[in-house]
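Q: Could you walk me through this structure, one feature at a time? I would like the general idea and then the case at hand.

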Amino acid sequence: MDAEPVHVTSILGDLADAHFAGRVVDRVSVASADAAKRRLRLASAGGVDLAVDLPRGSYLRDGAVLHDDGARVVAVERRAEEAVVVRLAPDLAPGELLRQAVALGHAFGNQHVPVEVEGDELRVPVTTSAAIVGETLERLHLHGATWEVRAVPLGRERPLSAPAHHH
């Protein structure tokens, strides 16, 4: 009754690759925390059952093509996740801008929470609560900075990583 899953043992390419032009695209939503996992069971929006078994070091980046039947491709779409999106004041002196960016990275790195830079935004996944993240930001005294909690796709091109440190 149930069809066998499609076995995915490699990433076939990227949606932007010329040989996928004109194909119907069926999206499979993957959270940033799952994107570096070797083995996953996923279902696309169109109902394709995928049994993913990738080589070590593989990363399910946004747009990665996992299956191609000649008419339709199944491609990864990064799931939007709750994050605090911070914008530092662009008119700050370079030294103050650097101080604020380092303070933010240090504060969240000590909590083992990654900070992602996307354009002019610093994105911090909410791993506790938005209130706790807000308290952390308030203690940093980021003059001129703005922040909001919203759902954004994280880790679109590469895994999120927190700065390494030893206790």
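Q: Where is Ser-32 found?
A: Helices (H or I, at least four residues) and strands (E, at least two) are DSSP runs, numbered from the N terminus. Here Ser-32 sits in the loop between E3 and E4. Before we go on, please keep in mind that this is a predicted model, where local features need pLDDT of at least 70 and side-chain atom pairs count only at pLDDT 80 or more, while totals for chains, interfaces and linings use all residues. Residues are numbered from 1 along each chain as its sequence is written, and side-chain values use heavy atoms, with hydrogens and water left out.

Q: Is Ser-32 buried or exposed?
A: Buried means under 20% relative accessible area, exposed over 50%, and partly exposed in between (1.4 Å probe, protein chains only). Ser-32 has 14% relative accessibility, so it counts as buried.

Q: Which residues is Ser-32 in contact with, leaving aside its neighbours within four places in sequence?
A: Contact means heavy atoms within 4.5 Å. With those neighbours left out, Ser-32 is in contact with Arg-78, Glu-81, Leu-154 and Leu-160. For a distance across the model, take Ser-32 and Glu-96: their C-alpha atoms are separated by 31 Å, and they are 64 residues apart along the chain.

Q: How many helices and strands does the secondary structure of the protein come to?
A: There are two helices and eleven strands. Read from the N terminus on, the elements run β-β-β-β-β-β-β-β-α-β-β-α-β. The C-alpha atoms fill a box of roughly 60 × 35 × 25 Å, taken along the principal axes. Of the 167 residues, 38% count as buried. Sequence separation is also worth a look: among contacts between residues at least 6 apart in sequence, 68% join residues at least 24 apart.

Q: Which residues have the most contacts inside the largest nonpolar core?
A: A nonpolar core is a set of buried Ala, Val, Leu, Ile, Met, Phe, Trp, Tyr and Cys residues joined through side-chain atoms within 4.5 Å. The largest one here has 16 residues, and Val-28, Leu-42, Leu-50, Val-52, Leu-60, Leu-66 and Val-76 have the most contacts inside it. Two or more residues of this core come from each of strands E3 (24-30), E4 (39-43), E5 (49-53), E6 (64-68) and E7 (72-78). Another core, of 15 residues, lies apart from it and includes Val-84, Leu-88, Leu-122 and Leu-140.

Q: What is Leu-50 in contact with, leaving aside its neighbours within four places in sequence?
A: Its partners are Val-6, Val-8, Val-28, Leu-40, Arg-41, Leu-42, Leu-66, His-67 and Val-74.

Q: At what angle do the axes of helix H1 and helix H2 cross?
A: Axes are lines fitted to C-alpha atoms, for helices over the stretch in contact, and angles run from 0 to 180 degrees between N-to-C directions. The axes of H1 (residues 94-109) and H2 (residues 130-139) come within 10 Å and cross at roughly 140°. Angles under 35 degrees count as roughly parallel, over 145 as roughly antiparallel, 65 to 115 as roughly perpendicular and the rest as oblique. H1 and H2 are therefore oblique to each other.

Q: Which residues in H1 meet which residues in H2?
A: Leu-104, Ala-107 and Phe-108 in H1 meet Val-133, Thr-136 and Leu-137 in H2. Sorted by class, this contact has five nonpolar, one polar and no charged residues (Ala, Val, Leu, Ile, Met, Phe, Trp, Tyr, Cys and Pro count as nonpolar, Asp, Glu, Lys and Arg as charged, and the others, Gly among them, as polar).

Q: What is the phi of His-112?
A: Phi of His-112 is near 60°, a positive value in a residue other than glycine. His-112 lies in the loop between H1 and strand E9 (116-118). His-141 also has a positive phi, of about 50°, although it is not a glycine. His-141 is placed in the loop between H2 and strand E11 (146-153), and it is exposed, with a relative accessible area of 58%.
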